[in-house]
Amino acid sequence: MTLPYPFHFLRVGLVDVLDVLLVTLLLYQVYKLLRGSVALNVALGLLSVYLIYLIVNALGLGLLSGILDEFVSVGVLASIILFQQEIRRFLLGLGKVALEGGGPLGWWRRPTRPTAAAFSVLPYVEAAKSLASKDTGALICFSQVSDLSSYAESGDRLDAEASKRLLLAIFNKTSPLHDGAVIVTQGRLQAARCILPVSQNPAVPAALGLRHRAALGLTEATDAIVLVVSEETGQMSLVRHGEILRGLTPAELKTRLSDWLGQNLPAATRPALGSQPAARP
């Protein structure tokens, strides 16, 4: 059975329409999975190469078509290697929906994110202020759209309500949890002692230590916001989209953190603070 209005030489059937809708649904889910991370740029690059391959094939350019054909032939294997964390997270999400009885459309629902009214930054600001006064280092990561579960799994699970005393206990120099990052998801401390990817950008100033480089590395790969307290200088810093604001006062820290977590400002927004951001990796 075909639709009454064929497009020139193409005859579009109901099965074709269903096929397109299913592919659109799948692509949308892939977009949601990759949104907020550099993996989305890689996926768009691979998609562009594939579209170019289809155009070259249609034009009959034999040499270029042969070169791109070799590239596309290993595209599935390359995608599995490049997106192994995203594929793992996607399969884990499907399994979780199946176990919890979410139904066939449960994976379609968008993940909720805490609003400004439901998420207070005061415990983090007060803890950072206290830690800075004692020259005690800290690394606190606030998840946004990107899923930080893979990083949380590298540490110790907490799933605890945030409080100043708990944060001070975690980052106390004698605590077994102080060496690493705390990951905050939907206003709760998801995990502590987490390992973050370290930025390899040569433009990062040599004065920045491992904590700052780890914060930059995470924000290069995800849309997370990271609060850093320097153990050497006691300075409080915020890192976002691979840029760092150093030497913030408690008031500036509270204002900037509230704005970023509450309003989710776009990457193009630049802070109007006195400190200068480091060069973007």
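Reply: Partly exposed is the label for a relative accessible area between the two cut-offs, buried being under 20% and exposed over 50%. The model shown is predicted.

Me: Why is Arg-193 called partly exposed?

Reply: The relative accessible area of Arg-193 is 32%. Buried would need a value under 20% and exposed one over 50%, so Arg-193 counts as partly exposed.

Me: What makes Asp-156 and Arg-193 a salt bridge?

Reply: The cut-off is 4 Å between a side-chain nitrogen of Lys or Arg and a carboxyl oxygen of Asp or Glu. The closest N and O atoms of Asp-156 and Arg-193 are 3.0 Å apart, and the pair forms a salt bridge. Asp-156 belongs to strand 2 and Arg-193 to strand 4, 37 residues apart, a link between distant parts of the chain. Asp-156, at 28% relative accessibility, is partly exposed as well.

Me: How many salt bridges does this rule give?

Reply: The count is three. One of them joins Asp-159 to Arg-188, with the closest N and O atoms 3.1 Å apart. Because Asp-159 lies in strand 2 and Arg-188 in strand 4, this pair ties together parts that are 29 residues apart in sequence. Asp-159 has a relative accessible area of 39% and is partly exposed; Arg-188, at 34%, is partly exposed too.

Me: What makes Arg-211 and Glu-231 a salt bridge, and which parts does the pair tie together?

Reply: Their side chains meet at 3.2 Å, N to O, and the cut-off is 4 Å. Arg-211 is in helix 9 and Glu-231 in the loop between strand 5 and strand 6, so parts 20 residues apart in sequence are tied together. Arg-211 is partly exposed at 22%, and Glu-231 is partly exposed at 32%.

Me: Which residues of helix 9 are buried, and what do they pack against?

Reply: The buried residues include His-212, Leu-216 and Leu-218. The buried residues of helix 9 pack against strand 1, helix 7, strand 5, strand 6 and strand 7.

Me: Why are strand 2 and strand 7 said to stand at the edges of the sheet?

Reply: The open sheet has seven strands in the order 2-4-3-1-5-6-7, with mixed pairing. Strand 2 (156–161) and strand 7 (243–245) each have a single partner strand, so one side of each has no neighbour in the sheet. On average, neighbouring strands are turned by 20 degrees against each other, direction ignored.

Me: What makes strand 5 and strand 6 a pair?

Reply: Pairing needs at least two bridges, and five bridges join strand 5 (residues 225–229) to strand 6 (residues 236–240). The two run antiparallel. Val-229 stands opposite Met-236 of strand 6.

Me: Which residues touch the most other members of the largest nonpolar core, and which element gives the most to it?

Reply: Tyr-124 and Phe-142 touch the most other members of this core of 30 residues. Helix 6 gives the most, with six residues. Another core, of 21 residues, lies apart from it, and Ile-183 and Leu-208 are among its members.

Note on methods:
Residues numbered from 1 in each chain as written. Predicted model: local features only at pLDDT ≥ 70, side-chain atom pairs only at ≥ 80, totals over all residues. Heavy atoms only, no water. Helix = DSSP H or I, 4+ residues; strand = E, 2+ residues; numbered from the N terminus. Axes fitted to C-alpha atoms, helices over the stretch in contact; angles between N-to-C directions. Buried < 20%, exposed > 50% of the residue type's maximum accessible area, 1.4 Å probe, protein only. Contact = heavy atoms within 4.5 Å. Core = buried A, V, L, I, M, F, W, Y, C linked by side-chain atoms within 4.5 Å.
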